[in-house]
Amino acid sequence: MWRIFVLVCVAGVMQAHWGSACATAQNVRAEHVAAAPGMAVSAFAPHENNAASPRVALVIGNGAYGDRADPLRDNAPRDAEAMRDTLRALGFDVILRTNATPRQMQQAISEFHRRLRAGGTGLFYFAGHGVQVGRQTLLIPAGLDARSPASLINESVDLNNVLQAMHTGGFNLAILDACLNNPFSTDVTFAGPALSANTLVAYATAPGGFAADGMRHGVYTNALLRALDGASSQDFSALLERVAARVRDVTGGDQQPWMASSLTEPFRLAGNVHPASLMAVNETDHVVTLRSRGILPKDSSEQYEITFWNSIKDSNYPADYEAYLKAYPNGRFATLAHARIDRLRAAASNAPATAPAPQAARPTAPTAPIAPASAPPQERPRATPTPGASAAPATAPPAASVAQKPATRPPSAGESRDCATCPIMIALPAGSFPMGSGTDDPSEKPVHHVNIGAPFAIGKYEVTVEQWNACVAANACPKLTPESNANKAAPARDISWDDAQQYVKWLSKTTGKPYRLPTEAEWEYAVRGGTSTAYWWGDQMRKGNANCKDCGDPWHKEGPEAAGSFAPNPFGLYDMNGSVWEWTADCWHNSYQGAPADGRAWENPACDMRVIRGGSWREGGSYMLSATRFKYSAGVRQSQDGFRVVKDLK
């Protein structure tokens, strides 16, 4: 698996002194800089690059950070509005947010992802402040208190999340007009996000540099808007090179734009920008301040660590101490921070069931719910469960009352397990159901009748870390990523489709039974559990039924809960909604037109993109729907991807 590391460094956001200078670049390894001046940048495949291919852009401009004298306050929203007008003229469907709060940014990213699920070109633009902490590039929402560094780390948007939302198989472009450096350290040697296929990230400035503002726009954005005029005939790589050259010229070489790319073929924009849309950028490139898009605390790094610690030392939120450890992994208060985290989590786990437990983490901005929270659940008539299914109560118990079941417990009546470390299996009878949905997502259409002609058994839980490690011990599976798989009762993750195939091959050989991944049709048949509603419990999100960002406690942003922590569906299956995305056997197709009607896997020669289903703990409720589907490259490991197994019954 290839990975291209991106270095990002421009000035970060902290405290009330918003106008200080960005740090000077130092210790930057040359092999990490993805594009020097004059470097050619390739782009997406020509056959995707036409007017009929969907184009979606998310444009965010944040300037409301508290200092009314900061040029960024007005320029960043103006940048975003000008980019919106220009991109619309180029045929993009644009989502615009200005001075967006954490919740508004997360909602916009979710909407961006939904519109891109059918494929096409995705473009993300951000103007505002940012910070680099460890491997995270954090984009700062409006309205955050710079005097609370823990909230800046916890509530900012990770660039990785945006890139994951964009990864739909088409051309993906991210443009950051921001200063991004680490205000907690003088070390500016950073590794940026690993890029998925066909992705380009363009930065307004080089690692350790700064981004300048003009009279009405950022200098980089102003140059980009001008270059986009008449862009239909231009290769995008040449366009970005001209933008970088203009910025270097205007700033006397003080600002050095750069880029990182995993693109392989030329890309040209279609459509023309009407001159009227560029009236806002017909200004001279007068530089007002070279450091307006980066802000450093006026304290020294040593003093600022004390400032950070003093701001959280009395907190009851483990996430605050985790934020400190991200900024200062070997800091002077690191041992104390670890002790505080252990104490708070122990107190939460020992709290009486009847008493409200202390919060395990500071609340984060959830994804927008499908319907208003005040709307009562409106269930369609529930289909009669297929005989033999383990029916769940009509009203699922809250998550806190569902006992966590370790993966090694004995099977219950009607369940089976072929070895001590094998998954527990539940037999499902043959049956039929309508697959897909009538939503505005073309990949879920047309709704078609599928007949599952033979019974099969499916994992009661997703394959857990403990079960995967049995395959590792037999030298048949690769080792899991340690930091993502510390809890042996949690679902195994950071697993590719190819990895999952190794596991089912080993399991079949070990047990002598025909194990495999579920087909997409079998998976949807199983998740619905005889229901026809949006979720198996009804048409509205109901807390306590899934492990997701806005599905209720327990929830931790670091990873999914232990298998079986939430209510089972009517077939007695756990965590099919949320927890981790689950691989299926099928190749990805953009719609169900021509899909098999007998429940078998839908294959293609030389298939690379495979179907994943069910959402994960990191997404909101809109990803948990029974019909929601997505795709991912079969050979790529991703921290939200896992699987469950199926066994043929003879």
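Guide: Start with Cys551, which has 0% relative accessibility and therefore counts as buried. Keep in mind that this is a predicted model.

Visitor: What makes Cys548 buried or exposed?

Guide: Buried means under 20% relative accessible area. Cys548 has 0% relative accessibility, so Cys548 counts as buried.

Visitor: How do you know that Cys548 and Cys551 form a disulfide?

Guide: The cut-off is a pair of cysteine sulfur atoms within 2.5 Å. The sulfur atoms of Cys548 and Cys551 are 1.8 Å apart, so by this cut-off the two form a disulfide. The angle about the S-S bond is 85°, and the link is right-handed.

Visitor: What makes the pair of Cys587 and Cys607 a disulfide?

Guide: The S to S distance of Cys587 and Cys607 is 2.2 Å, and the limit is 2.5 Å.

Visitor: Why is Cys607 called partly exposed?

Guide: Partly exposed covers the range between the buried cut-off, under 20%, and the exposed cut-off, over 50%. Cys607 has 22% relative accessibility, so Cys607 counts as partly exposed.

Visitor: How many disulfides does a search of the whole structure find?

Guide: The search finds four disulfides. With bonded cysteines counted along the chain, their pattern is 1-2, 3-4, 5-6, 7-8. One of the four is the link of Cys419 and Cys422, with sulfur atoms 1.9 Å apart.

Visitor: Why is the pair of Tyr503 and Trp506 called tilted?

Guide: Rings pair if their centres lie within 6.5 Å, and planes under 30 degrees apart count as stacked, over 60 as edge-to-face and the rest as tilted. For Tyr503 and Trp506 the centres are 5.6 Å apart and the planes are at 50°, so the pair is tilted. The two residues are three apart in helix α11 (residues 497-511), which means that about one helical turn separates them.

Visitor: What makes the pair of Trp536 and Trp537 edge-to-face?

Guide: The ring centres of Trp536 and Trp537 are 5.1 Å apart and their planes are at 85°, so the pair is edge-to-face. Both Trp536 and Trp537 are buried.

Visitor: How do you know that Asn569 is buried?

Guide: The relative accessible area of Asn569 is 2%, and the buried range is under 20%, so Asn569 is buried. Asn569 lies in the loop between α12 (520-528) and β17 (581-587). The side chain of Asn569 reaches the backbone oxygen of Val527 at 3.2 Å.

Visitor: What makes β17 and β18 paired strands?

Guide: Two strands pair if there are at least two bridges between them. Three bridges join β17 to β18 (residues 609-613), so the two strands pair, and they run antiparallel. Glu582 stands opposite Arg613 in β18.

Visitor: Why are β19 and β20 said to stand at the edges?

Guide: The open sheet of four strands has the order β19-β18-β17-β20, with mixed pairing. β19 (629-633) and β20 (641-642) each have a single partner strand, so one side of each is left without a neighbour in the sheet.

Technical notes:
Residues are numbered from 1 along each chain as its sequence is written. This is a predicted model: local features need pLDDT of at least 70, side-chain atom pairs count only at pLDDT 80 or more; totals for chains, interfaces and linings use all residues. Side-chain values use heavy atoms; hydrogens and water are left out. Rings of Phe, Tyr and Trp (its six-membered ring) pair if their centres lie within 6.5 Å; planes under 30 degrees apart count as stacked, over 60 as edge-to-face and the rest as tilted. Buried means under 20% relative accessible area, exposed over 50%, partly exposed in between (1.4 Å probe, protein chains only). A polar contact is a pair of N or O atoms within 3.5 Å; within protein, one must be able to donate a hydrogen and the other to accept it, and residues adjacent in sequence count only if both atoms are side-chain atoms.
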